[in-house]
Amino acid sequence: MAAPMLRGVSPVRRWSLAWVDGGSRHRRTSPNGSTSNRIREQSSVAQQPLHTAQKPRKGGHKWAAVVGLEIHAQISSNSKLFSGSQVSFTAPPNSLVSFFDASLPGTLPVLNRRCVEAAVMTGLALNCRINKKSLFDRKHYFYADLPAGYQITQQRLPIAANGSLSYGVFVGNRWSHMATKTVRIKQIQLEQDSGKSLHDDLRSQTLIDLNRAGVGLLEVVMEPDLSCGEEAAAVVKELQLILQALGTSQANMAEGQLRVDANISVHHPGEPLGIRTEVKNLNSIRFLARAIDHEIQRQINELESGGEILNETRSFDPKLGCTVPMRDKEGKQDYRFMPEPNLPPLVLYDTASLPAGADSQQVINIDQIRDALPELPSATRKRLVQQYGMLPEHSFALLNEAGLLQFFQNVMKETRAEPKKVTSWVLNTLLGYLKHHNLAVSESPITPSALAGLLDLLDSKAISSSAAKQVFEELWKGEAKTAAQIVSEKQLELMQDQEALERLCQSMMEGHPQVVMDMKKGNPRAINKLIGLVRKATLNRADPAVIKDTLERLSS
Amino acid sequence: MAARAVWLAFRGGLGRRQAFSTKANVQGSGRITVEVIEHLERLALVDFGSREAVARLEKAVAFADRLREVDTDGVEPMESVLEDRCLYLRSDNVAEGNCAEELLQNSHRVMEEYFVAPPGNISLPKLDKQESFLHS
């Protein structure tokens, strides 16, 4: 089957009034005349007073960027949001489509309980207020992958609102100090996904696969509290970890389970916000950061050279490393929001308000869901820091790599070594090797048991740390040998015989009287030279620190 | 409530010459501007092909306007006529799908189990390019 090129094809979506431009020469009002949109878009960003246009001062004037994210996460469920067809990433085209998904007349939406639970869990995890009553609406636009001509969403009254997400960023240039920042969550809403369009440019047509049409999505709308690509990347990563910990979404960006759109504008601090552009087609966290930083720079360059920013949608081209305008055929969008007439309001309960004798299948108890929430990443990291005394940066690193935390905990279970040592070996040595060979933790040739064995030998001073590195190298080969076996095979054991070592040191000192004199004078290179000689004599089986102690003792 | 939503949408588009009056001006032409017609045609893909159609639209708006004569002070608007019903929650089981062949039969053009559609949306021609009956 020919593989037509897949291009981002969602039509332009307008997000009006949060971004009123007052500072540039060409004032742009909301592209939408529709009042109903205006009701939705009451921005929580303070409306800056419009003042008369000023020429932007060139150079010397600091720019501030404002970034807001809208994130769509596919809900991890067996069936779709409003129909009983299966949710699956790979399947023959149009095989997971029910009559409702294909929008055949006479079909009606039936809400999936699991999707509501997923939304409540996510809302609670993001510190939102869960609305006990929420409403469904229709958002109308025409596109071939939206067979009904509208998407069922929650515009007026979403299921959750007013939350926050805390995330970690590295402070300054030192990659070892982390600070915590917060981004406000405006709302979380349930909505339907559209089908997939594959552009066949050769035959000038579009191929439509509706397998994805109707899959449940959680849209997480954030306030524009971010200021650069790095912050956005950290936010998305943290949200990914939360969704994965909750099990509400697998949040795999590459598979389209997590889609991020960024709204970006620049302005001079103290002046009104600038015109924003929307950047789409961000398929990985790395691209996300690059695209945002690039767009910020593009806007600054444009404004500094006297140009203006258009309120448009841009797409990130990873090959060119820049954002390009998307084809914007429809111009201003008017979605004509209306209440979904086929769905009554969604009512949720808590333990206090639960009606007596209600069918448990038909009611959702927020308190019950709250009690059953699994441990969130922030709590896990706190526990790691408290339990093992590790630095916050390390706890972040352990959670950020899939499977690494489990690996670490398995090693801790089997070894006597100190947590600090284990942390260091897992984060520095193991992770370093994995990254270098481009392997996931699950593909590691070294098992937690093997590493635990190695660390035990190190801990009991049976081997030196340099020998340990050698053993690690051997273990990496993936042959089924334990650390102990490798040590005995390669004779890497530390010399345990203190007397033999003393005799060796003594003879070495006698053989190099000049060096000994230098050493007594306090010359550091002299002692190092002696250490080196003794080490060679012991075939590297003596711990340099012990050699040093012995030499110093003997020479005093 | 639905009629009210329709009214709000029209009000939003009508622009400058604003009549906030409760008494609707039924005498047609000029109240619904050319821009509104064009906007609606593009959004809803309906064809207001004649003066009669526009007049009928204006009459419909006037009819709905009569709702404003009702005093709704202190009355909470309904969300929908179903708002007292219980929203049924379906359990998360796979029970539908696997009918690609049947669905594809509905399509004019099909290619290897995909529906075939034109490449993207095709814009309606601009009003000045087509015969404008309102100006004729």
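Contact here means heavy atoms within 4.5 Å. Helices (H or I, at least four residues) and strands (E, at least two) are DSSP runs, numbered from the N terminus. This is a predicted model, in which local features need pLDDT of at least 70, side-chain atom pairs count only at pLDDT 80 or more, and totals for chains, interfaces and linings use all residues. Residues are numbered from 1 along each chain as its sequence is written, chains are lettered from A and ligands numbered from 1 in the order in which they are written, and side-chain values use heavy atoms, with hydrogens and water left out.

**Figure 1. Chain A as a whole.** Let's start with the overview: chain A has 16 helices and 17 strands. Take the contacts in chain A with a separation of 6 or more: 71% of them link residues 24 or more positions apart.

**Figure 2. Helices α7 and α8 of chain A.** Here α7(A) (residues 392-400) and α8(A) (residues 404-414) have axes that come within 6 Å and cross at roughly 110°. Axes are lines fitted to C-alpha atoms, for helices over the stretch in contact, and angles run from 0 to 180 degrees between N-to-C directions. So the two helices are roughly perpendicular to each other; the cut-offs are 65 to 115 degrees for roughly perpendicular, under 35 for roughly parallel, over 145 for roughly antiparallel, and oblique for the rest. On the α7(A) side, look for A:Ala397, A:Leu398 and A:Leu399, which meet A:Leu404, A:Leu405 and A:Phe408 in α8(A). The residues of this contact are six nonpolar, no polar and no charged. Nonpolar covers Ala, Val, Leu, Ile, Met, Phe, Trp, Tyr, Cys and Pro, charged covers Asp, Glu, Lys and Arg, and the others, Gly among them, are polar.

**Figure 3. Helices α13 and α15 of chain A.** α13(A) (residues 498-511) packs with α15(A) (residues 524-537) at an angle of about 125°, their axes 10 Å apart. That makes α13(A) oblique to α15(A). From α13(A), A:Leu501, A:Leu504, A:Cys505, A:Met508 and A:Met509 meet A:Leu530, A:Leu533, A:Val534 and A:Ala537 of α15(A). This contact counts nine nonpolar residues, no polar and no charged.

**Figure 4. Two cysteines without a bond.** The structure holds zero disulfides over all chains, a disulfide being a pair of cysteine sulfur atoms within 2.5 Å. The sulfur of A:Cys128 has its closest cysteine sulfur in A:Cys115, 18 Å away, so that is too far for a bond. A:Cys115 is buried, with a relative accessible area of 0%, and A:Cys128 counts as buried at 10%.

Note on methods: Buried < 20%, exposed > 50% of the residue type's maximum accessible area, 1.4 Å probe, protein only.
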